[in-house]
Amino acid sequence: MKLIVKLTALSQLSTKIRKGETMTFSALLKKDLSKLAFGSKELQRAELAGIIGAIAVVAVDEAGGMSLGVKTENPSVAARCYQLIKGLYLIKPKIKIEKTKKFKEHRAYLVFVEASADVTRILEDLKILSFNQAGQAFFTNQVPENIKKKIPKIKAYIRGAFLGCGSVSNPEKTYHLELVGKKTQAPSAHNGRASGTLDQSTYLLSVKTLLDKFDIKSNLIHRKSHWVLYLKEGESVVNFLNVIGAHRGLLEMENIRIVKEMRNDINRQVNCETANLNKTIVASYDQVAAILYLKDTLGLRNLPKNLYDIAEVRLNYPDASIKELGQRLDPPVGKSGVYHRLRKLNQLAEEMKMKK
């Protein structure tokens with residue numbers, strides 16, 4: 001019964017994607033991930049740290065007070081972030097819905113905490129707030145060290161980062177997953193990196209070290225005004241989804257990969273058979289041409305019986321394979337014997353042409 005339910009859900013996910021609905025493969029994945037059980041408080045902190053590290057904006061006013069905002073276009077991610085903050089710190093963040101016109105009109109969701117004391121408590125607890133020598137607080141732009149010590153916390157953090165800034169292409173088209181950093185300045189000429197206080201290459205490189213622990217191959221590039229950590233191999237994308245607990249999406253990808261491999265195998269087989277058929281047709285045409293030439297110049301009755309028999313069979317069955325020609329002779333002849341006789345006919349035809 002459980003298997004039937006899983007397969008039904010898998011089929012529904014695949015159908016939604018194939019029909020081209022507005023909900024993308026990434027959105028469906030994030031919706032599923034947002035429904036996962038929260039787990040222990042440690043894992044909740046790790047996941048929230050991942051979300052905040054990936055997309056949060058910490059604003060500091062002139063008096064040093066801080067506010068925290070997490071903006072996302074996915075309502076499930078906004079709800080997940082709200083629930084994590086509320087559950088961990090007994091704080092009710094505010095939610096603001098904004099309408100944007102990027103490509104087409106859609107909504108963006110802002111989850112924010114305005115009280116500076118609450119923001120400080122959250123960031124300090126998540127180990128992503130540091131202080132300089134002057135005692136000024138600043139947002140640490142890398143994965144917290146305490147996250148790197150336990151595999152479950154690493155997985156939860158990577159899931160949070162994906163919920164915040166990740167996307168996956170429709171696997172029916174290509175295998176591509178990426179984490180897009182917050183907007184930065186353009187790379188400088190001397191080192192290829194963006195200058196500025198929030199260089200997202202530093203953050204994404206620290207995420208890359210987490211992926212390396214699971215042998216997930218990833219690459220970092222600067223695209224327009226963003227640093228992007230991307231995965232482009234099917235195996236790497238599948239392993240990533242397994243790490244973050246996106247098992248439904250993983251099953252869908254594996255299902256698509258199997259179908260693609262089967263389709264490629266069939267195409268290779270058809271192409272091979274087509275090539276062989278083309279060779280057979282060309283060879284048959286040359287053989288028939290040679291036999292007709294001998295018929296006009298020498299006369300088939302003047303050929304040795306074994307050559308006469310194969311010449312008659314080939315003329316009567318121009319589309320037959322070598323094996324089929326041999327089976328039509330009396331007595332039947334093997335493929336090598338048929339090849340030898342047809343080759344002999346071709347040689348005779350060439351000799352006759354040279355004598356003219």
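This is a predicted model: local features need pLDDT of at least 70, side-chain atom pairs count only at pLDDT 80 or more; totals for chains, interfaces and linings use all residues.
Trainee: Okay. How many helices and strands are there in the protein chain?

Mentor: You'll find 12 helices and 10 strands. The chain has 356 residues, of which 41% count as buried. Now look at contacts with a separation of 6 or more: 60% of them join residues 24 or more positions apart.

Trainee: I'd like to read a sheet next. In what order do the four strands of the open sheet come?

Mentor: A general idea to start: side chains in a regular strand alternate between the two faces of the sheet. In this open sheet the order is β7-β8-β10-β9, and the pairing is antiparallel. At the edges stand β7 (166-168) and β9; each has a single partner strand, so one side of each lacks a neighbour in the sheet. On average, neighbouring strands are turned by 25° against each other, direction ignored.

Trainee: And which helices pack on that sheet?

Mentor: One is α6, residues 151-165, which touches β7 and β8 (177-180). The direction of α6 makes about 80° with that of β7. Another is α7, residues 200-212, touching β8, β9 and β10. For α7, the direction makes about 15° with that of β10.

Trainee: Let me zoom in on one strand pair. How many bridges link β9 and β10?

Mentor: Five bridges, with the two strands antiparallel. You can pick out partners one by one: Ile 221 has Val 228 of β10 as its bridge partner, and Leu 220 stands opposite Leu 229, also in β10.

Trainee: What happens to phi in the hairpin of β9 and β10?

Mentor: That hairpin has two residues between the strands, and Lys 224 takes a positive phi near 55° there. Lys 224 is not a glycine. It's found in the loop between β9 (219-223) and β10 (226-231). With a relative accessibility of 79%, Lys 224 counts as exposed, because the cut-off for that word is over 50%.

Trainee: Which residue takes a positive phi in the hairpin of β1 and β2?

Mentor: There, Gly 64 has a positive phi near 90°, and the hairpin has five residues between the strands. Its strands, β1 (residues 56-60) and β2 (residues 66-72), pair in the antiparallel sense over five bridges.

Trainee: Where does Leu 90 lie, and is it buried or exposed?

Mentor: Leu 90 lies in the loop between α4 (75-89) and β3 (94-100). Its relative accessible area is 77%, so Leu 90 is exposed. Phi of Leu 90 is positive too, near 55°, in a residue other than glycine.

Trainee: Now a contrast, please. Is Ala 54 buried or exposed?

Mentor: Ala 54 is buried, as its relative accessible area is 1%. You'll find Ala 54 in helix α3 (residues 41-55). Setting aside residues up to four places away in sequence, Ala 54 touches Ala 161, Gly 164, Cys 165, Lys 182, Gln 200 and Tyr 203. Take Ala 161: it is 107 residues from Ala 54 along the chain, yet their C-alpha atoms are separated by 5.3 Å.

Trainee: What about rings? Which charged residue sits over the ring of Phe 162?

Mentor: Lys 30 does, with its charged end 5.6 Å from the ring centre. Elsewhere, Arg 328 lies over the face of Tyr 317, at 3.8 Å from the ring centre. As for rings with rings, a pair is described by the distance of the centres and the angle of the planes. The structure holds one aromatic pair.

Trainee: Last one: which peptide bond is cis?

Mentor: The bond from Asp 330 to Pro 331 is cis, with omega near 0°. To find Pro 331, go to the loop between α11 (322-328) and α12 (335-355).

How values were computed:
Residues are numbered from 1 along each chain as its sequence is written. Side-chain values use heavy atoms; hydrogens and water are left out. Buried means under 20% relative accessible area, exposed over 50%, partly exposed in between (1.4 Å probe, protein chains only). Two strands pair if DSSP finds at least two bridges between them. Axes are lines fitted to C-alpha atoms, for helices over the stretch in contact, and angles run from 0 to 180 degrees between N-to-C directions. Contact means heavy atoms within 4.5 Å. Rings of Phe, Tyr and Trp (its six-membered ring) pair if their centres lie within 6.5 Å; planes under 30 degrees apart count as stacked, over 60 as edge-to-face and the rest as tilted. A charge sits over a ring if NZ of Lys or CZ of Arg is within 6 Å of the ring centre and within 35 degrees of the ring normal.
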